[in-house]
Amino acid sequence: MEKRHKSTMYALILFFASILVISTSLPVSAHKVIIFAWVEGDTVFTESKFSGGREATDAQVFVFDKEGKQLLDGKTNNKGEFSFKIPKLTDLRIVLSAGMGHKAEWRIPESEIKEAGGILEKKRAGGSSQPIAVGLSKEEIKELIEDSLDRKLRPIVRMMNKSQSKGPSVTEILGGIGYIFGLMGVAIYFKNRGKKREVNRDN
Amino acid sequence: MHISEGVLSAPVLITGAVLAAAGVAVGLKKMDSDKIPQVAVLSSAFFVASLIHVPIGPSSVHLILNGINGLLLGWLCFPSILVALALQAILFQFGGITVLGVNTVNMALPGVICYYLFSRLVNRERRLISLTAAFASGLLSVFFSGILVALSLLFTEQSFISVAKLIVVAHLPIMIIEGIITLFCVAFLHRVKPELLGGIYGEAT
């Protein structure tokens, strides 16, 4: 009996040690796919990834409007990217289907497109190679600021995209294992309570 | 091999949920209180296994460990895998709550099949037979899971054969790795705790 308990204990210790090693040393990654999209001017850019950071290449992308009508579709390139010109001023729902039951979606609200598109239209109307006048109007200043903000924010948008596709953390892993053992305790409690009642009835 | 939320149609989801509920009911009925810790340990092994990513092959694949779950637990692998999948869905966003039933059946049913095919062979004294059976159950459980995933996608993707082929090819490295892991687990248990291999329900020892 003593020996059996000892070996069980060793097995348990081994189990937990291996979990710790796995959760800290291995690049954690798995089975989820993410699509991330943003508007720049009149184009929507998307990036698709599996949650381990591996790009979802050659995957189908579908774009739907507010009513659920499909506007266009296409395939991601070998970096998991796909871009398209905005076909219509509406809420866009971009759906990625990476095969084998992997699916993800991203929504772009109409307002976001309007903001980006509106600036662009104004720029087109005004002509692109204006010499900078001394007295800039309020609109023009706003336009310039938005333009450079777009450019400056691009790396941050990408960074956010990256942090979103990070795998689960050690806390979540250990939390999950804790849940399982908690459930084990609850299960044992109820099973034993049933048994005790039977014993009491027998007496 | 988790199927994401929003891929499957309602009839498939409901069928999966009903089958999973039946399997879990059978498992819970057969679960003695002294088996509960064993179920919990294997459940957490399954829970963590999905984080071990194998960067071989064309797609994103990870360990599953439904072979060893089924081999050691029989029908009890239904509750074990259900709990692990539910936590994976909540904590890691793998799969999802509505597809929980389908995913549970896809992972647990092959385990049960492997239990009936191999648990007697694994219990044999002859090392060669026992270890070959262990390897086969690790390999085949992943294979059957792939077939079941393709079956559940039958109504959404174009052709069963091409999807099944895609999944099986993507999981070839996993099948071999799972076979080896199951083999080592069984070899270890033979030495340390052979009574675990004698069938979970305590009828055969």
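Author: Strand β2 (residues 43–50) of chain A and β5(A) pair in the antiparallel sense over five bridges; two strands are said to pair if DSSP finds at least two bridges between them. Helices (H or I, at least four residues) and strands (E, at least two) are DSSP runs numbered from the N terminus. The model is a predicted one, in which local features need pLDDT of at least 70 and side-chain atom pairs count only at pLDDT 80 or more, while totals for chains, interfaces and linings use all residues. Residues are numbered from 1 along each chain as its sequence is written, and chains are lettered from A and ligands numbered from 1 in the order in which they are written.

Within the pairing of the two strands, T43(A) has K85(A) of β5(A) as its bridge partner. Both strands belong to an open sheet of three strands in chain A, with the order β1-β2-β5 and antiparallel pairing. Its edge strands, β1 (33–40) and β5 (81–85) of chain A, each pair on one side only. From one strand to the next, the twist averages 20°.

In chain B, the helix to follow is α3 (residues 66–73): eight of its eight residues are buried, so it is largely enclosed by the rest of the structure. A residue counts as buried if 20 or more other C-beta atoms, placed from the backbone, lie within 10 Å of its own. The buried residues of α3(B) are N66(B), G67(B), I68(B), N69(B), G70(B), L71(B), L72(B) and L73(B). Their cover includes α2 (36–49), α4, α5, α6 (127–152) and α8 (172–192) of chain B. Just after α3(B), G74(B) takes a positive phi of about 60°.

One of the covering helices, α6(B), has an axis that comes within 7 Å of that of α3(B), and the two cross at roughly 110°. Axes are lines fitted to C-alpha atoms over the stretch in contact, with angles from 0 to 180 degrees between N-to-C directions. The two helices are therefore roughly perpendicular to each other, a term for angles of 65 to 115 degrees. From α3(B), the contact (C-beta atoms within 7 Å) involves N66(B), G67(B), I68(B), G70(B) and L71(B). From α6(B), S137(B), G138(B), S141(B), V142(B) and S145(B) take part.

Conventions. Buried ≥ 20, exposed ≤ 12 C-beta atoms within 10 Å, placed from the backbone. Contact = placed C-beta atoms within 7 Å. Parallel < 35°, antiparallel > 145°, perpendicular 65-115°, else oblique.
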